[in-house]
Amino acid sequence: MELLYGPIRNYAWGSRSAIATLQGRPTPSPEPEAELWLGAHPGAPASVDRDGARVSLVELLSAEPGHWLGQQVVDRFGVRLPFLLKVLAADAPLSLQAHPDPEQARAGHAADAAREAGQRNYVDPFHKPELLVALTPMEALCGFRAPAESAEVLAAFGVPSLEPVVAALRTGPAGLADAVRLLLTFPADQRAGLVAAVASAALDTPDARLARSLADSYPGDPGVLVALLLNWVRIAPGEAIWMPAGNLHAYLRGTGVEIMAASDNVLRGGLTPKRIDVDELLRVLRFEVLDDPVVRAVPVAPGVVCWPVPVDDFALHQVQVGSDRAEVTVPLVGPRVVLCSAGALTVDDGAGSVELGPGQAAVSPAAASELRIAGTGEAYVASSGLR
């Protein structure tokens, strides 16, 4: 077991207190801290100590894939860690986004090889399903709600330019693609006025308040309107959101532990100054109603819960130890990353042990034995979903 040092990504929507407070650092932090990355993604790999120097986890996996990944993981995913664990801390809404399925990612990455760098949508050939477990109360937009409900919401604003969108939505799920395309392709000289008209409407409903809030952060952005087609979800600590391929979503505020397939393929749909490829987004999106994106924890052993997902790239377990349960054994295969979210823990993989406090992490290779976690506190254990 070795301490793992993860880089922090300083995106503008991040918090100046959440990750710093978790790690016991002074607040406010000098910059917004959006994500703590704990994995081997080449964009921001974590590292371990080797003779007083930090060595990238990517370098270690490449040098000793059998030791670090194990043959089962290598056979299934190649010489790469198939999952990425993060702490996500949002003080402002993230961009509306969706991720491709495996076939779309492979085909898109191959096609992008012939395009200029600024026109590429796919930075790697992998899919990016993701699961986020709330550490604090969180809000998010997750998947399409019933089109009939969205039609009534948009109609209530009384904006004539939205009438074609409302008509498309009233045809049911078959009209969702037309509705999204209309909202994302309004002429630029009309877009700002349309968003402003919605944001200034004399309505006191949750949807109107959401539109005003989003327009404050992203004035004139068509994503403000697209957001009104989505489920507005609030989850409590310990509850999770599961986002499979093709589902449009955005985290609005709060802090959580996120695990995903190790990819950085993002197709944006608004609430961003970055490029939006409308045609490719529409090709990837699943225009179907997502009735309930919330996933509840399932007990798997005393002191251990998980959030089941239908992919084998990753699995996430939460472990709680304390006075009534001094130690918990977690028999997971392959490489594992452990994040301490509260308390003081000792984590032992048979080859060595480490002491972890809040916001600290450790990594264990596939060659080590099952994990034993002791002390008083809480940890999240990331692994592949292979069994």
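Two exercises with worked solutions follow. This is a predicted model, in which local features need pLDDT of at least 70 and side-chain atom pairs count only at pLDDT 80 or more, while totals for chains, interfaces and linings use all residues. Residues are numbered from 1 along each chain as its sequence is written, and side-chain values use heavy atoms, with hydrogens and water left out.

**Exercise 1.** Find which residues of helix H4 are buried and what they pack against.

*Solution.* Buried means under 20% relative accessible area, exposed over 50%, and partly exposed in between (1.4 Å probe, protein chains only).
Step 1: these residues lie on the same side of H4, because they cover an arc of only 100° around the axis, taken from the directions from the helix axis to the C-beta atoms.
Step 2: on the other side of H4, Gln-71 and Asp-75 are exposed.
Step 3: the buried residues pack against helix H3 (65-68), where contact means heavy atoms within 4.5 Å.

**Exercise 2.** Work out which residue forms a salt bridge with Arg-76, and where the partners sit.

*Solution.* Step 1: a salt bridge needs a side-chain nitrogen of Lys or Arg within 4 Å of a carboxyl oxygen of Asp or Glu; Arg-76 meets Asp-312 at 2.9 Å, N to O.
Step 1: Arg-76 belongs to helix H4, and Asp-312 to the loop between strand S16 (304-306) and strand S17 (315-321), 236 residues apart.
Step 2: Arg-76 is partly exposed at 44%, and Asp-312 is partly exposed at 23% relative accessibility.

Technical notes
Helix = DSSP H or I, 4+ residues; strand = E, 2+ residues; numbered from the N terminus.
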